[in-house]
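Thanks for coming, everyone. I have one structure to walk through today. Let me put it on the screen.

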Amino acid sequence: MSSQHAQVSVVVIGYNDATHVREAVRSALAQGPAVREVIAVDDCSTDGSAALLDGLAAAEPRLRVIRRAVNSGGCGTPRNDGIDAATAPYVMFLDSDDVLPPGAVDALLAAADGQRAQVAAGLCVRRELPSGREVPWERALYAKPALVSHPARRTRLVRDTLCVNKLYRTDFLRRHGIRFPEGRFHYEDFVFTARVLAAGPRIALVPDTVYIWHVRREAAHLSISLDRADIANWRARTDANRAAYEILLGAGEKGLARAVHAKFLDHELRMYTRELELRDPEYRRAWWELTRAYLSSFDATDFTVNPTAPGRLVARVVLASPAPRDLPRLKELAARPARLLPPYARASDTTPIWSDDLPQVTLDHFLTRPAHLLPAAVDAELRPRARGTRLRLRLHELYGRMAQAGPTSVGVEFVHREEGRVGLRREVNFLADRYGDVWTAQTPVDLAALGAGTWDLRLELRFRDGSSREATAHALTGPGLLRRRAVPDARHGVLLVQPYRTHAGALALRTASGWRGMTDVVRRRLKRLVH
C-alpha cells in the first residue's frame, strides 16, 4: 500500500456489541487504500467483543484493537483514546452498530485535500431497521458541494451535531485540544462539535452519503437518542446544549451560540413536547421544571426572532405557566408541520392570545405573517366501510387569516411510511361554510388500492394567491372513529383497516390484507400485550 494513499484513521468504538461490530469494522476496511488503519476501541465489553476483534485483527494488519481495562460509561472516552492512537493525517469516527457506505472515505478525503479544509462533512442517513426506510439527516446542509471558510458564515452547521459523518485533520484536533467529554456524558457530540466550530476551521461539505446510522427501535437496549422515557435523558440533552452554547459564546462566536438556542427551540423542544402526553405526571412535572429553568437563561431575542416559529411559541407557553398545561394543544403545535388547534382567543383589545388563562402569550405576529407560513389546523375523519370509504377534512379559520388568503383546494396523499411511495393522490376543492370560518373537503379512499402497510396522510393547502402550505391532519376522536374494521374486499377477501392517531396527534392508517394479514396483526398485538 502506498503511504500517500493511507491518509485516514477510522476509530470504531463499541461496548457489548458483538452482534454488529464485525460489520462496522469491515465497512471501514472496505473503504480501500485511503484507510491507513482501523482503530477498534473496546470499552471493556463482557460479551466476547474484544476476542472477536482480536480474531479479525489477526487476519487484517490494518486493524488495531485497544482494550480498555475499565468501562468508561460513555462514548467520549473511547473516542479520545482513538484520537490519541491515530497515526494518519485524518481521523473519523464510526459506532459499532453503524456502517460506512462504499466510497465514503474517498469522498471526504478528496474534499478535505482539494479544499485544504480542516474538516470535511457529508450526508448521514438514518436507516430504520428492519424496514430499511432511510431518512436523510440535515439534507439541506449537504444539498451541494460547498466550502465554508469559517463556521460563522453558515450558522446552520450547529444543527448537525453528529461527529460520525465528518473527517477531521488529526493535527487540527490536537493543536486546539479538541476532545470529547470524558466518562458518562450523554450527547457528547454536541460538545465536541461546538469545540470544533469554536476553533474556526475551513469546512468542506459534500452531498455524498458518507454514514449509515442504524436505528433499531426494537432493540433490547435503545440508543441514547431513542431512550427518551427517563427524565435523565432530557436533563442530559439540556446540559449538552448549555455546554455547547457556552463554548461558542466564550469563543466570541455569538451568532453560532444563538444558533444553538434556535436549534434547541426548533428541534429538541418540539420533539420532547410531542411526547409529553405519553409520560407519567411525575415526568411531566420534572420536565416542565427543567425546561423552564433552561429557557429562562435565553435572551429575549431568542424568542422574538421569527416569533411564529412553533418552538418559540411552545417555549413562551412553558415560561408563562409554572405547571404543565395545554399538553394536547402543545403536542399539535410541536408537530411537523405545526398545527394550532382552536380555541382562538383574543384579549379585550382584540389582540390574538394563546388562551384566556394566558393572555400574556400574545399571537399578534399571526396578523402580519403570510398565511401560508401559519400553523393552520385541519381536522380529519376516516370511517372504513364496505360500500365506500370517505376522507373528510375541515380547515379552521385562524384570526381571519385563512379567509384573507382564500383556501381553494387541498392536495391529499397517503404515503407508505416505510417505503415512501404514494398509494393515493387526490386534489379536492374546499367549500366554505356559510359563516366563512370553516372550509371542508371530502374524497373517496380506495383502501384496496393502498394494500398492506402503515400510511401517513399528507396534505398541501392551496390558496387563492398561488401560495401553498404542507400540512398534516388532526385525527378526530369520538364514537365510531379510530376503530379497527374488517372490510370485505374483492382482491384480498378481507381487508383489516384501522385509522389511528400518531403520538403527534395526526391521522394515519394501518391496513392488513387477507386472512394472513389479519393473523399477523393479531399476533403483533398479542406480543405487545405480553411485553
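Start with helix α6. Nine residues in this helix are buried: E188, D189, F190, V191, F192, T193, A194, V196 and L197. That is 9 out of 11, so α6 is mostly covered. Before going further, a caveat: this is a predicted model.

Now, the empty space. Rolling a probe the size of a water molecule over the atoms shows where such space is left. How many cavities of 30 Å³ or more does the structure hold? There are 3.

Take the largest cavity. Its volume is about 100 Å³. The lining has 13 residues, and V119, K166, T193, L197 and I203 lie nearest the centre. Which elements supply at least two residues each to that lining? They are β5, residues 119-129; β8, 166-169; α6, 188-198; and β9, 203-216. The largest share is from α6, with 3 residues. By class, the lining splits into 10 nonpolar, 1 polar and 2 charged.

On to the second largest cavity. This one has a volume of about 80 Å³. Its lining residues are V158, T161, F190, T193, A194, L197, N241, A244, L248, V260 and K263. Two or more of them come from each of α6, α7 at 231-250 and α8 at 254-274. Again α6 gives the most, this time 4 residues. The class count for this lining is 7 nonpolar, 3 polar and 1 charged.

Look at the numbering in that helix. An α-helix has 3.6 residues a turn, so residues three or four places apart point the same way. Keep that in mind while you look at F190, T193, A194 and L197, which are among the lining residues of the second largest cavity.

T193 is in the lining of the largest cavity, among the residues nearest its centre. T193 also lines the second largest cavity. Is T193 buried or exposed? Its relative accessibility is 7%, so T193 counts as buried. What does its side chain reach? The backbone oxygen of T161, at 3.0 Å. Beyond its neighbours within four places in sequence, T193 is in contact with D160, T161 and L162. T161 is also in the lining of the second largest cavity.

For contrast, go to V70. This valine is in the loop between β3, residues 63-67, and α3, residues 76-85. V70 has 57% relative accessibility, so it counts as exposed. Setting aside neighbours within four places in sequence, V70 is in contact with D43 and C44. One distance for scale: V70 and V99 are 29 residues apart along the chain, and their C-alpha atoms are separated by 26 Å.

Last stop, a sheet. This is an open sheet of 5 strands, in the order β16-β17-β13-β12-β20, with mixed pairing. β16 at 431-432 and β20 at 474-475 stand at the edges, each with a single partner strand, so one side of each has no neighbour in the sheet. How does β12, residues 378-383, pair with β20? In the parallel sense, over 2 bridges. Within that pair, D379 stands opposite H474 of β20.

To recap: α6 is mostly covered. Over to you for discussion.

Notes:
Residues are numbered from 1 along each chain as its sequence is written. This is a predicted model: local features need pLDDT of at least 70, side-chain atom pairs count only at pLDDT 80 or more; totals for chains, interfaces and linings use all residues. Side-chain values use heavy atoms; hydrogens and water are left out. On a 1 Å grid over the protein atoms alone, a cavity is a set of points where a 1.4 Å probe fits but cannot get out, and a pocket is an open set with protein on both sides within 12 Å along at least five of seven lines; lining residues have an atom within 4 Å of a point. Grid points are joined across faces, edges and corners, and a volume is the space filled by probe spheres set on the points. Ala, Val, Leu, Ile, Met, Phe, Trp, Tyr, Cys and Pro count as nonpolar, Asp, Glu, Lys and Arg as charged, and the others, Gly among them, as polar. Buried means under 20% relative accessible area, exposed over 50%, partly exposed in between (1.4 Å probe, protein chains only). Two strands pair if DSSP finds at least two bridges between them. Contact means heavy atoms within 4.5 Å. A polar contact is a pair of N or O atoms within 3.5 Å; within protein, one must be able to donate a hydrogen and the other to accept it, and residues adjacent in sequence count only if both atoms are side-chain atoms.
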